[in-house]
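Colleague: I've got a new model open and would like to learn how to read its surface and its fold. Can we go through it together?

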Amino acid sequence: MYQEPPSPTLFSRRCLFTALQYLALVGIPFVFLIGILIAGQHLQAPAATGSVTAVKQIGGGASMPNLLLLLGQMVLIIAVARCVGFLFRVIHQPQVVGEMAAGIMLGPSLFGWLAPEWFHAVFPLTSLGFLNSVSQIGLLVFMFLVGLELDPKLLRAQGATVLITSHMSIAVPFVLGAALALGLYIELSDSSVSFVGFALFLGAAMSVTAFPVLARILAEKHLMHTRVGAAALACAAIDDVTAWIILAAVVLLVRSSMTQGPLWLAIGGSFLFVSTMLMWVRPLLGRFRRHFCELTHDRLALVLVFALLSALITEWLGIHALFGAFLAGAVLPRETDFIRALTEKLEDVTLVFLLPLFFAFTGLRTSLEMVSGGTLWAAFGLIMAVAVFGKFGGSAIAARMAGMSWPEASAMGVLLNTRGLMELVILNVGLDIGVISPTLFAMMVLMALLTTFMTTPLLEWILPADVLDPEEANELGRLSGGGSPSR
């Protein structure tokens with residue numbers, strides 16, 4: 001049935017209302033953030049202790065690799081990851097949640113607690129550098145795959161509603177995380193870290209959403225093509241891009257304070273590289289799209305060299321190698337057959353072999369024994385409250401104001417509260433550059449695991465059964481049954 005388009009005056013009013021709504025929901029939290037950063041300038045953290053420095057340097061390197069020991073570690077890690085992942089699938093959790101839990105179980109929090117002699121024999125400190133190196137390669141390839149999965153059409157198709165919801169779901173947890181830094185900085189940081197760097201990193205870590213894990217959950221629940229699923233996926237994509245931009249700025253800020261290089265040079269070089277990739281390299285690759293119709297070994301090698309070179313440049317600029325790998329995947333031309341073949345080529349070995357090594361290395365750096373005493377557990381309770389309330393509350397309120405029903409808006413909040421692997425990546429970056437302490441690292445890793453674990457049961461409890469047509473659900477289930485195990 002034909003509907004008369006809105007008049008120019010009505011359209012202008014709607015645009016003005018949307019702009020004012022955006023300024024209110026996103027601008028007000030930004031004002032609070034400025035106040036928090038100013039208020040925290042006078043805080044002084046204690047000097048770093050030897051134990052903190054030692055834990056931060058786990059995996060720093062060793063003289064020569066013990067190949068027999070490294071192979072034994074890989075066998076154990078992959079076997080435990082698959083077994084625990086299978087058990088988690090039985091209880092309707094994504095495989096990745098079980099693998100995250102398996103990594104913590106292999107660390108000092110469980111394996112080292114139950115059998116300390118065996119633990120130190122299997123994972124001696126001098127061997128962890130090689131395990132870290134292999135896992136970092138897997139992480140670079142994974143971030144490249146995340147960039148490949150980021151479809152710009154998904155971001156453009158949803159309009160202002162998703163943009164407001166997404167930025168609200170970033171702004172609220174970011175500001176709350178920065179506010180939480182006022183109470184955690186003195187207890188869980190040291191004098192080598194500025195309050196601004198600590199607060200901004202904590203805000204970025206609180207605001208991330210695991211886009212790959214969310215996509216997997218939506219596919220399993222047949223929600224990918226519903227209004228909630230499409231909006232949540234678009235919001236998660238915007239969240240990930242925004243969080244990585246913020247993280248890159250924080251890493252650049254922290255690293256520049258530890259080196260003699262001028263900050264303006266690092267910022268200028270990073271801006272020039274990103275602009276070149278988006279404005280020149282991406283259109284140039286698009287002109288050669290017809291050559292990317294079939295994936296050969298030579299083309300695969302060319303793509304890998306491109307991704308690693310991008311990672312090399314961003315690491316040299318001081319942002320982080322992971323940002324370069326992500327950017328390389330994001331600028332590749334979206335030729336469906338080529339991207340599908342490339343993803344299938346890289347995904348299996350990355351997800352099954354390399355990422356469990358990263359989870360295990362993260363678990364080896366996570367010691368829940370550090371979180372001892374009522375004060376630290378109270379701090380962990382605050383971290384969980386800020387993480388859940390900030391992400392869930394900000395997303396749900398914004399989605400409701402955008403016109404969704406309360407069940408749908410609540411489902412949006414639950415879905416965007418999924419942190420998963422992306423949170424672990426950010427936390428490891430923070431520990432590597434020294435912006436967070438090992439104790440806070442352990443708390444945040446536990447928070448990432450719990451917030452990801454609670455997504456599926458809360459979604460089943462909140463979302464009404466009639467939100468998806470049964471015939472559509474059956475069709476989506478048939479189509480997604482043979483898909484790749486996207487994270």
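Modeller: Cys83 is partly exposed, because its relative accessibility is 49%, and partly exposed covers the range between buried (under 20% relative accessible area) and exposed (over 50%), with a 1.4 Å probe and protein chains only. This is a predicted model, where local features need pLDDT of at least 70, side-chain atom pairs count only at pLDDT 80 or more, and totals for chains, interfaces and linings use all residues. Residues are numbered from 1 along each chain as its sequence is written, and side-chain values use heavy atoms, leaving out hydrogens and water.

Colleague: Is Cys235 buried or exposed?

Modeller: Cys235 counts as buried because its relative accessibility is 0%. Across the protein chain, 53% of the 487 residues are buried.

Colleague: How many disulfides turn up in the whole structure?

Modeller: A disulfide needs two cysteine sulfur atoms within 2.5 Å, and the search finds zero.

Colleague: What about secondary structure?

Modeller: Helices (DSSP H or I, at least four residues) and strands (E, at least two) are runs numbered from the N terminus. The protein chain has 22 helices and zero strands.

Colleague: And how do I read contacts?

Modeller: A contact means heavy atoms within 4.5 Å. Among contacts in the protein chain with a separation of 6 or more, 83% join residues 24 or more positions apart.

Colleague: Where does Phe453 sit?

Modeller: Phe453 lies in helix α20 (residues 438-453), and Phe453 counts as partly exposed because its relative accessible area is 33%.
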